[in-house]
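Open the model in your viewer and keep the selection tool at hand.

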Amino acid sequence: MFCRQNHESRAVSENPPGCTKNLFVMKILAIETSCDETALAIIESEGVLPDLRFRIHADKVLSQIDIHKEYGGVFPMLAKREHARTLVPLLIQTLKDAGMHKKTSRHVVEHPLRPEFQVILEREPELFGQFLNELPSIDVPDIDAIAVTQGPGLEPALWVGINFAKALSLIWKKPIIPVNHMEGHFLAALLNTEDDVVKLAPIKFPALGLLVSGGHTELVLMNDWGKYELIGETKDDAVGEAFDKVARVLGLPYPGGPEISRLGETGTPGQYTLPRPMLHSGDYNFSFAGLKTAVLYLAKKLGALSATQKADIAREFEEACVEVLVKKTLRAIDQFGAKTVILGGGVSANKRLRNTLTEEIAKLHDVACFLPTHELATDNALMIGIAAQVNHQGDFIKLEDLKARGNWHLTS
Ligand code: KG4
Ligand code: ZN
């Protein structure tokens, strides 16, 4: 049973039917297709903020890395095609994991909503075919709503998840909650698992988020649950993108972040000097395109690179990125009086960034630092389901208003 989940507890008499004493329960299927991971999760939340608890019924991530590796980066149309090809089989697996996959006892003739599904999925014929083959022959699962990443991300990839969510919404008669992918990354670091129950860590506000991924590099202030303020962002490449591009220069495969990190560990510090872009810009913006170009020029100047030279460059590049990110974060903590620092996004898997940030924040008085686990650092649907439940005010989006928002800022 779905209960509206507001951020204040309500008297028992105000609870909609099906909710027990001040206990708000909501089960969500979450869908994530913003980049090169197709991910689905089914989670159930209980309680009210800040004491939300989550039970994870299923959590599946299908990475397309092997497909994009060949091309040295993510190709939006290829990502879209893969999402479309894998969503239905992944949904079936997800429902099975959650114990919610039941073949229907109804006699399945042609589904009356077939024309509607055809319109919604007209750009994904393979998905449409699989949808019609599978969905009418299974029971409606015991969920209250569908959460889907609406942006930011690669628009062709986002659309597949969105259209899939719309078709599911129609066939199951479930409402949709649109989710900002970056909010998912922001909240992922706050999840603690204890005895199979995931809890949201209690935090003090303002909380400062350093969000670092393949598409974003942002400093975001959270003044209360769901209240975000962008205080700085990259003016050109995202830091993850710079890792990926520098990896290509060094002849390393996609995704470059983990490769550069691994190689950098064996490099000698101080062999080369790369710039620390915008370190003293006086604001909280970043720039990584120049740093990537500096690596390109250095590599050209050196000619054929030895393994040692590559490792030394990787080390210096990683140190340059980490220094700028951490120093600017420290300045923002000071200026905005942040009590909590949260690291999020794929680059938060970077060991040097994690260690440096943790060490520096440990020197400060009364500032807590939260890092996501490695599984939750990169894209997943669990964080999308959590963001839907944390931020959901009780209203659902109309299907016609649900659109991919490639550049959606967390604050807009
Ligand atoms: O958040 P994410 O999975 O996808 C986007 O929303 O972009 O982030 C992927 C990015 C890639 O650029 C990848 O190279 C980077 O995260 N990344 C890393 C590491 N692991 C992944 N960057 C640096 N060090 C890592 N260990
Ligand atoms: Zn991401």
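Buried means under 20% relative accessible area, exposed means over 50%, and partly exposed lies in between (1.4 Å probe, protein chains only). This is a predicted model, where local features need pLDDT of at least 70, side-chain atom pairs count only at pLDDT 80 or more, and totals for chains, interfaces and linings use all residues. Residues are numbered from 1 along each chain as its sequence is written, chains are lettered from A and ligands numbered from 1 in the order in which they are written, and side-chain values use heavy atoms, with hydrogens and water left out.

**Stop 1: the ligand**

Select ligand 1. It is surrounded by 20 residues, each with a heavy atom within 4 Å of it. The closest are Gly214, Asp244, Gly257, Gly346 and Asn350.

Now show side chains. A nitrogen atom of ligand 1 sits 3.0 Å from a side-chain N or O atom of Asn350. Asp379 has a side-chain N or O atom 3.1 Å from an oxygen atom of the ligand. From His181, a polar side-chain atom lies 3.4 Å from a ligand oxygen. On its own, ligand 1 has 550 Å² of accessible area, and the protein covers 90% of that. Such areas come from the Shrake-Rupley method with a 1.4 Å probe; for residues, only the protein chains shown count as cover.

Which helices supply at least two residues each of the shell? They are helix 6 (181-188), helix 7 (239-249) and helix 8 (256-265). Helix 8 gives the largest share, four residues. Helices (H or I, at least four residues) and strands (E, at least two) are DSSP runs, numbered from the N terminus.

**Stop 2**

Select helix 6. Eight of its eight residues are buried, so helix 6 is largely enclosed by the rest of the structure. Among them are His181, Glu183 and Phe186.

Next, pick Ser34, in the loop between strand 1 (25-32) and strand 2 (37-46). Is Ser34 buried or exposed? Ser34 counts as buried because its relative accessibility is 2%. Its side chain makes a polar contact of 3.3 Å with the side chain of His181. A polar contact is a pair of N or O atoms within 3.5 Å; within protein, one must be able to donate a hydrogen and the other to accept it, and residues adjacent in sequence count only if both atoms are side-chain atoms.

**Stop 3**

Most residues other than glycine have a negative phi, and most peptide bonds are trans. Select Leu49 and Pro50: a cis peptide bond joins them, with omega about 0°. Phe205 and Pro206 are also joined by a cis bond.

Go to Met278, in the loop between helix 8 and helix 9 (289-302). Met278 is not a glycine, but its phi is positive, about 60°. It is partly exposed because its relative accessibility is 26%. Asp366 also has a positive phi of about 60°.

**Stop 4: the cysteines**

How many disulfides does the structure hold? It holds zero. A disulfide is a pair of cysteine sulfur atoms within 2.5 Å.
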